[in-house]
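Trainee: Could we go through this model together? I would like to start with one of its helices and then move on to other topics.

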Amino acid sequence: MMVGVAPEYLGVWLVWRGVSLALPPWVYQWGDDKLYSLYQRLVLFFFETCTRVEVVMYGDADEALKKKESVLYLANHQSTVDWLIADMVALRGGSLGHLRYVMKNTLQLMPLYGHYFYAHGCIYVKRGNFNQGKMIASLDYLRNPNIPTWLIIFPEGTRYYPGTPKVIQNSEQFARDHNLQILQHHLVPKVKGTWLVTKHLHDKFDALYDVSVFYEGTVDQSGVRGNAPQLIEFLLGKCKRVHIHIRRIPMSEVPREEDSLRAWLHNLYAEKDKLAEHFFSKDATQRATVQKTLGGRVSHLGLWSTLSSFIFFTALSVPFLCTKMGHQLYLHLLMYGTMGSYAWLAIRSVC
């Protein structure tokens with residue numbers, strides 16, 4: 001259903017896009033954020049409500065999520081579920097529609113969604129061929145003070161995945177070569193993208209949220225850390241509990257200069273490494289009592305906050321499924337929407 005409603009969602013978005021063309025950009029973004037929140041609540045209906053995963057929050061989470069602020073959200077990266085964790089956090093903070101991601105450019109190839117994410121304010125970056133100019137152009141759009149933003153960055157650049165030890169070994173070697181502390185549970189964070197964000201949006205953000213996510217069940221009975229659950233495993237309910245630690249850091253404490261930020265960011269990840277020891281300890285007793293040790297609080301999500309979106313999209317699907325005109329419109333949106341988004345990508349790649 002999450003995939004199937006894409007053409008319907010595109011249709012609603014195109015109507016709003018057309019209506020808002022003559023209006024200021026922030027008005028369009030306000031409406032688009034509402035639509036994005038509506039769709040992401042549908043996603044969470046399946047990934048949180050239906051899976052019954054227990055969400056445990058730590059650190060500054062309770063106080064930080066009471067604030068209505070623009071945020072630079074930095075998180076560790078170990079699973080294809082990590083972006084959904086940002087959904088869970090933002091929904092609890094009343095900012096789900098304001099989520100925007102710095103994401104790898106291959107995600108542009110997703111039919112329909114590739115172009116939409118760009119229109120929503122997400123930023124694509126290409127690994128190994130970083131285009132600073134394109135990123136700056138996207139950041140300039142977000143400088144508008146009337147566009148509230150939670151910008152999500154995974155500074156490691158790729159997932160820490162014990163199943164691919166070569167990536168981890170390369171990261172450790174990079175740390176040795178540059179006289180950096182070797183991280184035990186993270187890859188060395190890359191600074192370029194984070195620095196460009198802080199350089200251009202430092203005054204926009206109220207705070208940086210240092211987010212550390214730990215999926216329960218990652219460590220086996222012998223104390224060896226394995227792979228974190230990926231999307232399908234998570235959707236099938238194979239992860240019973242997610243631990244989310246948030247540290248709110250005022251932007252006044254975040255360096256503006258690239259070299260200073262590089263050292264600061266690595267120190268931040270060294271601190272995250274110490275925190276991770278509690279969750280990846282070889283001592284099963286320590287892992288079992290981590291919630292009590294660190295003062296974790298179970299965060300319950302109200303049923304209506306996601307069920308309402310499921311009901312909306314179910315009702316929206318009825319005319320598409322039950323009428324001939326609906327069938328034709330659905331196919332046209334799917335076909336022409338996909339071709340149009342790929343044409344846009346082709347044009348943008350040469351500009």
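Trainee: What covers the buried residues of α5?
Mentor: The cover includes α1 (6-19), α2, β3 (99-104) and β4 (123-125), where contact means heavy atoms within 4.5 Å. Helices (H or I, at least four residues) and strands (E, at least two) are DSSP runs, numbered from the N terminus. This is a predicted model, in which local features need pLDDT of at least 70, side-chain atom pairs count only at pLDDT 80 or more, and totals for chains, interfaces and linings use all residues. Residues are numbered from 1 along each chain as its sequence is written, and side-chain values use heavy atoms, with hydrogens and water left out.

Trainee: How many residues of α5 are buried?
Mentor: In α5 (residues 113-120), 6 of the 8 residues are buried; buried means under 20% relative accessible area, exposed over 50%, and partly exposed in between (1.4 Å probe, protein chains only). The buried ones are Y113, G114, Y116, F117, A119 and H120.

Trainee: And what comes just after α5?
Mentor: G121 follows, with a positive phi of about 110 degrees.

Trainee: Changing topic, at what angle do α2 and α13 cross?
Mentor: The axes of α2 (residues 25-50) and α13 (residues 304-322) cross at roughly 115 degrees and come within 8 Å. Axes are lines fitted to C-alpha atoms, for helices over the stretch in contact, and angles run from 0 to 180 degrees between N-to-C directions.

Trainee: Which residues make that contact?
Mentor: From α2 they are L38, Y39, R41, L42, L44, F45, F46 and T49, and from α13 they are S305, T306, L307, S309, F310, F312 and F313. They divide into 10 nonpolar, 4 polar and 1 charged, where Ala, Val, Leu, Ile, Met, Phe, Trp, Tyr, Cys and Pro count as nonpolar, Asp, Glu, Lys and Arg as charged, and the others, Gly among them, as polar.

Trainee: Which residues does UniProt list as "transmembrane region"?
Mentor: The unreviewed UniProt entry lists residues 301-322 and 329-347; such annotations may be inferred rather than shown by experiment. In the model, residues 301-322 are 86% helix and 0% strand, with end C-alpha atoms 33 Å apart. Residues 329-347 are 100% helix and 0% strand, and their end C-alpha atoms are 26 Å apart.

Trainee: Finally, where is G302?
Mentor: G302 lies in the loop between β8 (297-299) and α13. It is partly exposed, with a relative accessible area of 45%.
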